[in-house]
Amino acid sequence: MSERKLGVAIVGCGFMGRRHLLGFAALHKAGVLKGEVVALLDINKEVADKVADEAFELLGKRPAVYTSLDEMMKDPAVEAIDIVTDPRTHHTIAVQAMEAGRHVLCEKPLSLTIKTGQIMLDAAKRTGMTLGTAENYRRGGANRVARAVIESGMLGKLHLMIEMWAGGDDKIIISKWRHMKESGSIGIDMSIHYADIIEYFVGPVERVWGRGIIAEPIRYTKDGDESIIPTGEDALFASMRTADGIDVQYTYLPSGPGISHRQRSLHGTKGSMLVPGDRSDGDVVVQLGERKLMGAELIAEIAKTGTHLNINDVTKAVLGPDGTGGKGAPWAAVDSGYLAVEIDDFIEAVLNKRAPEVDGMGGLRALAVVYAILESGVAGREVSVDEVLTGKIHAYQDEIDQSLERR
Ligand SMILES: NC(=O)c1ccc[n+]([C@@H]2O[C@H](COP(=O)([O-])OP(=O)(O)OC[C@H]3O[C@@H](n4cnc5c(N)ncnc54)[C@H](O)[C@@H]3O)[C@@H](O)[C@H]2O)c1
């Protein structure tokens with residue numbers, strides 16, 4: 001491995017920032033870390049200090065701790081930043097860092113709105129810095145296999161993809177900000193992952209007819225002691241059509257006690273495929289008429305078609321030969337493995353001056369697909385992703401953009 005290590009600072013040391021550190025640690029443990037966590041930044045020093053202590057335990061070196069981006073930008077060891085703050089702050093942090101000559105990996109959603117995301121893309125173009133979107137779900141073995149199955153043509157001409165999550169409760173999901181329109185609601189926060197998977201599997205989404213709703217008008221803490229009134233949508237429903245003419249049925253409804261059902265499936269003229277849950281140890285199952293393919297047999301069938309299976313050496317080093325983490329692997333180990341793969345891809349992209357697998361436009365497109373659902377609901381008509389991406393339609397987002405300008 002090359003001696004050149006990219007100096008990276010993690011910005012935001014909350015729930016996900018700590019998990020990003022575990023992603024770096026997974027690469028370090030496997031002996032494939034091409035970067036170094038040289039600094040941590042959080043406006044809450046206590047939180048950053050705690051993660052710095054953990055970094056010392058895991059990586060053998062305590063990163064510098066900052067509470068101000070201005071200060072951190074004076075540190076020449078910081079060559080790139082990994083933004084893991086809440087979405088309201090992504091664009092301002094990213095633009096300041098790129099203007100200061102730093103490469104940026106940014107957690108999904110790339111930005112809170114299309115307008116602010118476009119500002120990030122413009123800054124990347126202007127400064128020549130690398131801008132990547134941290135999108136983890138696609139990095140796991142099962143999604144890599146599923147993508148290869150589609151690419152191989154094994155399923156014939158594809159008619160339909162079903163991406164659905166139905167069932168949940170009235171508890172606050174992870175944090176209060178995820179239920180407020182002005183900070184990025186859970187409907188967007190989760191759907192962005194699925195929009196990325198949809199485009200990864202079946203290519204660009206062109207048209208969307210859908211809407212968002214607030215399914216749970218009151219959400220409670222786990223102990224039920226506190227409650228909030230959500231202002232942001234927690235559920236999104238849509239019917240989509242891709243540029244290749246494939247229909248996608250989309251549901252995200254984390255509400256309603258009762259049956260909880262999740263499904264990711266693809267249906268074509270020669271057969272169909274069921275894809276297991278993200279970060280689960282389930283198998284991809286392909287059914288071609290009477291013939292059922294899974295595991296080693298499916299991998300062999302993909303190989304016969306000459307289709308590339310995108311499970312690279314780093315993925316194998318952190319997640320095992322099939323890129324899933326293996327049967328019965330603890331969720332946390334699988335999670336950090338997925339994050340390790342996305343972090344490695346970004347570092348490689350910077351060091352080798354290539355685009356990351358999910359670049360700024362990849363992140364913005366996924367956001368546009370999600371906003372197309374919400375904009376369609378407001379407009380009461382089918383909308384094109386292009387209309388959303390180019391800012392021609394934005395009524396749903398106006399309130400958020402205005403609040404970002406006010407602060
Ligand atoms: N990919 C995934 O699976 C996944 C999972 C969870 C969260 N996320 C994403 O990660 C991001 C962070 O989510 P979270 O759950 O960790 O949020 P969080 O609220 O737990 O943590 C955010 C942290 O950022 C800090 N912060 C806020 N503004 C800052 C600023 N201007 N400068 C420096 N620090 C600042 C806060 O003090 C806090 O510690 C979001 O974009 C979220 O969507 C992704």
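Nine strands form an open sheet of mixed pairing, in the order β16-β15-β14-β13-β7-β12-β11-β8-β17, where strands are DSSP runs of E with at least two residues and helices runs of H or I with at least four, numbered from the N terminus, and where two strands pair if DSSP finds at least two bridges between them. Because β16 (291–293) and β17 (383–384) stand at the edges with a single partner strand each, one side of each is left without a neighbour in the sheet. Helix α6 (residues 141–152) packs on this sheet and touches β7 (158–166), β13 (261–268), β14 (272–275) and β15 (285–288), a contact being two C-beta atoms, placed from the backbone, within 7 Å. Within the sheet, strands β11 (residues 235–242) and β12 (residues 247–253) run antiparallel and are joined by six bridges; Ser 239 has Gln 249 in β12 as its bridge partner.

This is a predicted model, in which local features need pLDDT of at least 70 and side-chain atom pairs count only at pLDDT 80 or more, while totals for chains, interfaces and linings use all residues. Residues are numbered from 1 along each chain as its sequence is written.

The chain as a whole holds 13 helices and 17 strands, and its C-alpha trace spans about 60 × 50 × 45 Å along the principal axes. Of the contacts with a separation of 6 or more, 73% are between residues 24 or more positions apart.

Turning to the ligand, Gly 12, Gly 14, Phe 15, Met 16 and Thr 85 come nearest among the 24 residues around the ligand, a residue being near if its C-beta atom, placed from the backbone, lies within 6 Å. Helix α1 (residues 15–29) contributes the largest share of this shell, three residues.

Key. Axes are lines fitted to C-alpha atoms, for helices over the stretch in contact, and angles run from 0 to 180 degrees between N-to-C directions.
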